[in-house]
Amino acid sequence: MSTAVLPDQLVSGIPQATCDGIPTYWIDRGQIHATLRELIEDVPQPYKMLYDLTAIDERGRRHRDGQPASDFTVVYHLLSFERNAYIRLKVALEMGHLSLPTMTDLSPAANWYEREVFDMFGIVFEEHPHMERILMPRSWVGHPLRKDHPARATELGPFLLTDEKQDAEQEALRFRPEEWGMRRGREGTDFIFLNVGPQHPGTHGVLRIVLELDGEEILDAVPDIGFHHRGAEKMGERQTWHTYIPYTDRVDYLGGVMNNMAYLTGVEKLAGITVPPRGQTIRVMMCELFRIISHLVWYGTFAQDLGQMSPVFYMFNDREIAFGIVEAICGARMHPNWFRIGGVAQDLPAGWDKMFRDFLDYLPSKLDEYDRIVMRNKLFQARTKGVGGCTVEEAIQWGMTGPNLRAAGFGWDFRKKQPYSGYEQYEFDVPVGVNGDCYDRATVHVEEMRQSLRIIRQCVDNMPGGPCNAEHRLTTPPPKAQTMHDIETLIHHFLSVSWGPVIPPGEALAAIEATKGNNGYYLVSDGGNGSYRTRIRAPSFPHMQMLPKLCRGLMIPDLLAILGSLDYVLADIDR
Amino acid sequence: MSALYPLLIIAVVLGIVLNLAGGLIWVERRLLALWQDRYGPNRVGPFGLGQVVADSVKLFTKEDWIPPFADKPVFVLAPAVVVATSLLAFAVIPFAAGFVIADLSVGILFLLAASSLGVYSVVLAGWSSNNKYALLGGLRATAQMLSYEVFMGLSLMGVVIMAGSFRLGDIVEAQRHMWYVVPQFAGFVMFLIAGVAETRRLPFDLAESESELIAGFHSEYSGMKFGMFFVGEYIGVILISAMLTLCYFGGWLGPVLPGPVWFGLKTMAFICLFILFRAALPRPRFDQLMSWGWKVLLPLALLNLLVTGAAVLLLR
C-alpha cells in the first residue's frame with residue numbers, strides 16, 4: 001500500500017487512523033462536494049477514479065474513539081493512479097438529515113453507487129438524476145443495511161400475498177419509459193422498447209436490460225439489476241469473521257477462492273496477521289488457477305454469444321481438468337471455501353505438484369488451438385473489432401478495472417502496483433490492449449491465462465517449506481499443538497473454535513486483482529466476533545453501469561458482443 | 001400401371017425426404033456431439049436412434065398453443081408454408097436417371113422459386129406472432145433474403161450456360177466427363193454460401209440467433225407447429241445439398257454403385273458439411289451479411305457469369 005499522504009491543507013477534515021494506512025478524513029457535510037471536486041479535478045496527480053462509495057450505520061457502534069458523532073457515515077474511496085494511492089473521505093450524517101449533494105456531476109460512476117446507498121440506507125443524494133432504488137424491488141419497505149432492518153426472513157413474520165398486494169406489485173412492475181429516462185419516439189417515429197431479460201440466453205444470469213430501439217439500432221439501454229441480490233453485505237454483519245468465508249465464494253461465483261483472498265486479506269489487516277510464505281504461495285497458486293477457470297468460462301460463453309457453438313464445450317472440458325486439481329486440494333470445486341484467517345484450511349496433499357505440472361503442460365497447446373478457432377476467426381473478428389470501445393479516460397471515470405481497463409490501453413494491475421500475498425516475487429507480464437473494444441478485451445483475457453500459467457509454474461517450482469498457517473492467536477482454526485499443555489491455551493482454543501475469533505476494532509480496505517477486476521472488501525470491526533460492516537466493492541458493478549455508454553448507436557448483436565466481452569457475473573453485481 | 005408410376009415416385013420421394021428430415025435430428029445431434037467432445041443422445045435404442053421417435057412423439061403430443069395476441073390464421077399458416085414449399089421443390093429433383101416426379105425443362109428456375117418461397121413462412125411467422133423478438137427475427141429474414149437471393153440465382157447460371165439447359169437431368173448428364181465443381185468452382189462456393197443462408201442455419205441463422213433473439217421468428221411456436229419449422233429446416237438442408245450434388249458433383253453419376261446410392265452419398269456428405277458449419281462458425285451481423293452479399297458476392301457472381309459465357313462462346 002502506498003504511503004503518499006495528501007497534504008493536509010487540501011483537506012480540511014478530521015483525520016482518522018485506520019488499519020490499512022489509507023489517509024482518512026472526516027469532511028463537513030457542506031464541504032464534501034468541493035473537496036471531491038478538488039481531489040478529482042484540481043490537485044496535482046488527481047484522484048480520478050471513484051473507487052467506491054458506501055455508507056455505515058453507526059448507531060450501534062461502540063468503538064468510535066476520536067471520530068465525530070454520526071448516525072450514518074457516507075464513505076468515499078477515491079483512487080489516484082499517478083500517486084498509486086487511495087484516499088478515504090467520510091461524512092457524518094444525523095438521523096433526520098440524511099441527505100448529501102450528489103457527485104454524479106464529478107464522476108459518472110457515482111450514479112449507481114449513490115442509488116445503492118439510498119436503497120440500502122435511505123440517504124438521499126440531492127439533485128441526483130434518478131434517485132430510485134437499484135437493488136431492492138421498488139415496493140420494498142425499509143432500507144436493508146440499516147441496523148434496525150431484519151437480516152432473516154424468519155424475523156419478518158409470515159408472508160402473505162393478498163390479491164391487493166399482488167395487484168400492487170404487478171402495477172409496480174409496469175413499464176413506463178419515462179421513469180427510465182427514455183423517450184417514446186421522435187418526429188413521428190415510435191421506438192421499440194425491447195425487454196432483454198431477466199430470462200434471456202445472452203445475459204448470463206438474471207439481468208434485465210431495457211432497450212430503446214429504432215429498428216435494430218440501440219438508442220438507449222438501461223440495465224435493471226438486483227434480481228440476484230442476496231444481501232451478501234448484510235450477511236457479513238450476521239456471520240462471524242470465520243463463518244463468513246463460504247459466503248464470499250458465492251459473490252463472484254466463478255472466482256472461487258479468489259473471493260476468500262480479498263476478504264481474508266482485509267481480515268488479516270485488521271488482525272495484524274502475516275501469512276507465512278508457504279501459505280501465501282499456496283494462495284497465489286490457487287487464485288491463479290481460479291483466474292484460468294473463470295477466464296475459460298468467459299472465453300467459451302463469449303464465443304457462444306457470437307453464435308459459435310463448439311468452443312464452450314472444449315473450454316468446459318479444460319475447466320473440468322482444473323476442477324480436478326481444485327477438488328484434490330480443497331475437496332470442493334466451484335466454491336471451495338478453502339482459505340482461512342491466517343492461512344489455508346489444509347496443507348497440500350501428496351502428489352499435488354504432479355497434477356499441476358500435467359495441467360501446465362496440457363493447457364498451452366489448447367490455448368493455441370483456441371486462438372486458431374476463436375481469436376483468429378474472421379467472423380469473430382468482424383463481430384468484435386471496433387465494437388464497444390472506450391478510452392482510458394472514460395474507463396477510469398466509470399470505475400473500470402481489471403482486464404477491461406487494461407484492454408483500453410492502461411497497464412494497471414493491482415498484483416504489480418500494490419502487491420499482496422507476495423505477488424512482487426513473481427515474474428509475469430501485464431497484457432495491454434489498444435482500443436478497448438471487444439476484441440482487445442478478448443486478447444487481454446486470453447493472454448492473462450498464459451500469464452497465470454507462468455505464475456502457477458513459479459509457485460510449483462518454488463513452493464516454500466514450513467507451516468502454511470500463521471502462528472497467531474487469531475489464526476482460525478487456531479493451532480492446536482499447545483492446547484493439551486496448559487489450560488489457558490485450551491480455553492482460548494475452545495472460545496476461538498466455538499465462538500469465533502474476536503478481531504480488534506478498526507477499519508481496513510483490502511483490494512485485490514480478482515478475475516474480473518478489482519475486488520475490494522472494506523471491513524469495519526467493532527471488536528466483536530463478527531464484522532460490524534462488510535462492504536464488498538465488486539468489479540462487475542461499475543462495468544455493468546458502463547454498458548449503456550458502450551452500446552449506444554450500435555445494434556442488438558453488438559450488445560451481446562459487449563455483454564459477453566465485459567466478463568461480469570450477476571452475483572458479483574448484485575451481491 | 002404407367003399412370004400409377006408418378007404416384008409411386010411421389011410416395012417414395014415423400015417417404016425418403018420426410019424420414020430423412022426426421023432422422024437428421026439424430027444425425028445432427030450426434031455429429032455435433034462428436035465434434036464437441038461429448039456423446040449426444042445415445043440412450044434410446046441402438047446408438048440412440050430411438051431419439052427420433054421420442055422427439056417426434058414429444059412434438060406431436062405437446063400442447064398446441066396459439067398465443068391470444070397472435071394473428072391466428074397467419075400464425076397457423078406460416079409453419080405449413082415452409083414445409084410445403086420445400087417439399088414442392090423436390091418435384092424436380094432427379095434421384096437417378098429418369099427417377100423424377102416432374103421433369104420440367106425449367107427445373108432449376110422452379111427449384112429456386114419454390115425454395116425461395118420458404119422465406120415467407122419466416123416473415124409471416126415473425127409478423128403474426130406479435131412478439132418483438134419474433135418481429136426482429138422476421139425483419140432480419142427479409143434483409144437476409146434480399147442479400148443472398150440475388151447472387152444465389154446468378155451463381156447457378158454458370159452451370160446453366162455450360163450445360164445449355166435448365167433441366168436438372170441434362171445438367172447431370174453434361175457432367176459425365178467432368179464435374180462442374182472444377183470449371184465452376186467460384187460458382188460452387190458462392191452457391192454454397194447462399195445455400196446456407198437460404199436454409200437459415202448457422203452461420204446465417206440471423207432470423208433465429210438464439211443468443212440474441214431467444215428463438216427469433218419462432219419464439220412463440222410450440223408443439224408440432226414448432227416441429228414443422230424444425231422439419232422444414234432439415235428439408236431445406238436436404239434440398240440445398242441435393243442441388244449442390246446435382247449441379248456441381250455429377251448427381252447420380254459414379255462408378256460401380258448404382259446411381260441413387262451415389263446421389264444419396266453425395267447429398268449426405270453435404271448435409272454433414274452443413275452440420276460442420278454449424279459446429280464451427282460464429283454468426284455475422286446482418287448488416288455485415290448484407291454488405292458482403294451486395295458488395296462482394298454479387299459482383300463476383302456477375303463476373304463468374306461473364307467469364308463462363310465468354311469461355312463457352314470462345315470454345316465453340
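Student: Where do the bounds of the two domains of chain A lie?

Tutor: Domain bounds here come from an automatic or database domain assignment. This is a predicted model, and for chain A the assignment gives two stretches: domain 1 covers 8-137 and domain 2 covers 240-548.

Student: How many residues of domain 1 of chain A are in contact with domain 2 of chain A?

Tutor: Let's take the centres, over C-alpha atoms: those of domain 1 and domain 2 of chain A sit 28 Å apart. For contact we ask for heavy atoms within 4.5 Å. With that cut-off, domain 2 of chain A puts in 36 residues, and domain 1 of chain A puts in 38.

Student: Which residues of domain 1 of chain A lose the most area to domain 2 of chain A?

Tutor: Together the two domains of chain A bury about 3100 Å², with 58% of that on carbon and sulfur atoms. On the domain 1 side, three residues lose the most, together 21% of what that side buries: A:Tyr51, A:Phe81 and A:Trp112.

Student: How many salt bridges cross the interface of domain 1 and domain 2 of chain A?

Tutor: Take a salt bridge between side chains, A:Glu393 with A:Lys48, at 3.7 Å from N to O. Across the whole interface of domain 1 and domain 2 of chain A, the rule finds six.

Student: And which element gives the largest share of the domain 1 side that touches domain 2 of chain A?

Tutor: Polar contacts link 20 residue pairs between these domains of chain A. Elements giving two or more residues to the domain 1 side are α2 (110-121), β5 (85-93), β4 (72-80) and β3 (49-57) of chain A. The largest share, eight residues, comes from β3(A).

Note on methods: Residues are numbered from 1 along each chain as its sequence is written. Chains are lettered from A and ligands numbered from 1 in the order in which they are written. This is a predicted model: local features need pLDDT of at least 70, side-chain atom pairs count only at pLDDT 80 or more; totals for chains, interfaces and linings use all residues. Side-chain values use heavy atoms; hydrogens and water are left out. Buried area is the accessible area (1.4 Å probe) that two parts lose on being put together, summed over both. A salt bridge is a side-chain nitrogen of Lys or Arg within 4 Å of a carboxyl oxygen of Asp or Glu. A polar contact is a pair of N or O atoms within 3.5 Å; within protein, one must be able to donate a hydrogen and the other to accept it, and residues adjacent in sequence count only if both atoms are side-chain atoms. Helices (H or I, at least four residues) and strands (E, at least two) are DSSP runs, numbered from the N terminus.
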